[in-house]
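Visitor: Could you take me through the aromatic rings in this one? I'd like a close look at how they pair up.

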Amino acid sequence: MSNTSHQSFGENAVAVVGISCRLPGGAHGPGQFWELLAEGRDAVREVPADRWNADAFFSEDPSAPGRAVARRGGFLDRVDGFDARFFGISPREATAMDPQQRLVLELAWEALENAGTVPDRLRGSRAGVFVGAMADDYATLVRQAGVEAVGTFTSTGLARSVIANRVSYLLGLTGPSLTVDSGQSSALVAVHQACQALARGDVEWALAGGVNLILAPESQVTVSKFGGMSPQGRAYVFDERAEGYVRGEGGGLVVLKRLSDAVADGDDVVCVIAGGAVTNDGGGAGLTVPSAAGQEEVLRLAYADAGVSPTAVGYVELHGTGTRAGDPVEARALGAVLGRAEGRGEPLRVGSAKTNVGHLEGAAGIVGLIKAALAVRHRLIPASLHFRSPAAGIDLQELNLRVQTQTEPWPQHDDAAPVAGVSSFGMGGTNCHLVLTAGPERPPAETALEDPAVGGGVVPWTLSAKTPAALREQAARLAEFVRGAGSDPVDVGWSLAVTRSVFEHRAVVLGEGREQLLAGLDALAAGKSGADVVRGRATGAGGLAVMFSGQGSQRAGMGRELYAAFPVFAQAFDAACAHLDGELGRSLKALVFAEEGSAEAALLEETQFTQAALFAVESALFALVSSWGVRPDAVIGHSVGEVAAAYAAGVFSLADACRLVAVRGRLMQAARAGGAMIAVAAPAADVAPVVASFGGRLALAAVNGPSAVVVSGDADAAGELAERFRQEGVRVKRLAVSHAFHSPHMDTAVARFEEAVAGIVFREPRLAVISNVTGAPAGEGELTDPGYWAGHIRAAVRFHDGVQALHARGITAYLELGPDPVLTALVKNTLDTHTDTDTGTTGSVTAVAVLHKDKDETRTALRALAAVSTTATPADWTPSWAPAGVSPCPPTPSSTSGTGSTPPAARLRLRPRPTPPPTPPPTPASTPKPRTTRRRTVTTGPSGCTV
């Protein structure tokens, strides 16, 4: 790559930071267009059968009325497809819209994504939209449908000005918004207008380009009668066989910024527009006859504006229509200003993309600009097709020009940066020329981690769309792209996470390596979910609760893998241990990460260590999920888990929370031993009277579900109660505990607790905390009273009531932070959920745990995050990735062709239906009464509608 660090740029230099295009030959993005160019493919073909009957409008005789001499052109596949719902447009309005408006909306979204910009975050930007367009074929089709087809949206649907205005409205942009029509130079003039607006400071950034669609045979006939079309359907640019141009369709947009802003923002600069000029021939031999003097003037002005010597230009993308009148004029102007410039050695290379995709008329300039930009970027000059020998009037040797007939590296001159010119001329004499050069080299990327992948190798690919069908299509298109391009999984994952808007239907595919991720995409494309394919629907109507597990969920090694994989977790865990180690008199980290079965692991079962260990792990888990953008609407814990919940809500500082946990564990460890705890699978209403019959020797310790109660107290009384329920056919289980927690056995701990925590500062919670004591949201002053936390040790844990309170508040997603999915199971039992096979979610709620015993912790944590992000709040996957140096994400589809680069949705085939041919007039003897036919909109099903 050439060194451009020494290159100077003018203060008005403009950076191209994003590109979109939809061009013939399957070029549905800049990558595919570059492949077409580099491979030298000709995308010209017969008129598609769904446009018009080519035989009915074709004749070899140029004088034949109503007939065109050519039946070939550069056509797109599906110009009548449009995702109206994605853009918030009703089918009725979309039907009335010129497909050029529809295509530009798609191209705008794609260009911004290509630039690494999330489109739906731009509202209020002082940004401009400049679109070149000269055709209005759709108006012809509407007129053919009859005056009765004119409706509410016809005016805006057919107005050429609205092509640009639609984009500004969609994105909420407040800068200039205009459609430029200067004939065939429209698109390049639009780009120049955008550059001028940037230079003046009128806009912060801009979208600019052009669009052209060939929808009606009448326009084909019109161009043919003008005399500019090639009967052979082939563009012989600068060639002796030149006989006219080949029409083409499609469009493209570029995202433009002042170069200084692009560098400051860390944008990937494709190329720099160093300057340019727009002029008019100012008269000549005829209105549509080009002027060599006029073209020379625009070239001289453009290079003066850019501050670039004509000898520095290595390549010019021609207007190059392949006409006998236009090509010689363009060649003479180029030779005069650039080819024979003093100091130039080898010939100036020239070529035209019209030989690949046809002449896009009002959008031709943007095609040439994109080709030149990509050539500068890749340091390669693609071949201009179909050249054999120069046309009469073009002396290439004398003009010092060379038609580029094969793809070659950019000519090097003293390691100078490549410079290219782009020309576009309108038939009325409006000429435009822009000067392009390479942008400044980007500094080497700095990575946040030695291993840039999340979770030490597990990579998430996030996708979203507005419908399930669109989500499946997006997965299929992404898989196809990755297989073809060989993209790096980390680059793809990063770009999907940071440059895409998030829509209602979401999915996350997890995998270690390319093949696992592609398998997940294939499953998603088939509508399947799985362990590593998480799907969901987030309507925005529900909320998220984070739950913290209690004693009994602990296990040796909990969090060890997360500690190694995520610095955020490790730092938070170490911070908690730093406070707790002094309270415990030993290393808590050594106990938590001890090998199962070891002496240290056995200590983890002692209450004073258990509760401290759970708090350290859970506070670190909360720090981890917070770094991923998880923002709960409420928190709830179970027993000691409520201390972690209160800490997460801001009731304590970390130091005070650690002290309270240590005191609590110590006092409960020192309480009277010898008790028992019994789990009873029966409603609390059935168990409570039996508990009361033991005269205070037993207590309800927890109400965990509709038929899940824990009884605690004296061992003999607990055994008697268990036997009584067992005989009635009720399942009972004695829990492996050292003490009868939440029973009268804890009275001594309660009595000493308030004194032991003196000095702790309590604050009102920043978010809702559901109390274990009441089963309701904690009220003002409740959690700031030390007496509450003392009584918490003795009172029953009303977790079942708490879940019902959360459900009543509209909570639909529950994320458990703890060593195992204990509370998750209780939530599912309480809310009696079911599985929705379409979305992959469970009933009306999602309940997931971050950790599972005997399962890979990093993968399980990411699955839980995926479940929450697909059904509730969008996750921020960026903290654990490398923040720079990745390539733009491969495009995700939504387009008229079916393979574009935006989030897809169910498409509507929208096109006006012409009125039937007129019925022959009846004979005078039987003239019937005239009848008025009213046209109506007919919905043909989910695939489309017609008018």
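This is a predicted model: local features need pLDDT of at least 70, side-chain atom pairs count only at pLDDT 80 or more; totals for chains, interfaces and linings use all residues.

Guide: A search of the whole structure turns up 18 aromatic pairs. Let's start with Phe-86 and Phe-87, an edge-to-face pair whose centres are 4.8 Å apart, with 85° between the planes. Phe-86 counts as buried, because its relative accessibility is 3% and the cut-off for buried is under 20%. Phe-87 comes out at 7%, so that residue is buried too.

Now hop along to Phe-615 and Tyr-647. Their planes meet at 65° and their ring centres are 5.5 Å apart, so this pair is edge-to-face; the angle only has to be over 60 degrees for that label. Phe-615 belongs to helix α22 (residues 607–627) and Tyr-647 to helix α23 (residues 641–648), so the pair ties together parts that are 32 residues apart in sequence. What about burial here? Phe-615 is buried, at 2% relative accessibility, whereas Tyr-647 is partly exposed, with a relative accessible area of 22%.

One last stop is another charge over a ring: Arg-586 lies over the face of Phe-609, 5.9 Å from the ring centre.

How values were computed
Residues are numbered from 1 along each chain as its sequence is written. Side-chain values use heavy atoms; hydrogens and water are left out. Rings of Phe, Tyr and Trp (its six-membered ring) pair if their centres lie within 6.5 Å; planes under 30 degrees apart count as stacked, over 60 as edge-to-face and the rest as tilted. Buried means under 20% relative accessible area, exposed over 50%, partly exposed in between (1.4 Å probe, protein chains only). Helices (H or I, at least four residues) and strands (E, at least two) are DSSP runs, numbered from the N terminus. A charge sits over a ring if NZ of Lys or CZ of Arg is within 6 Å of the ring centre and within 35 degrees of the ring normal.
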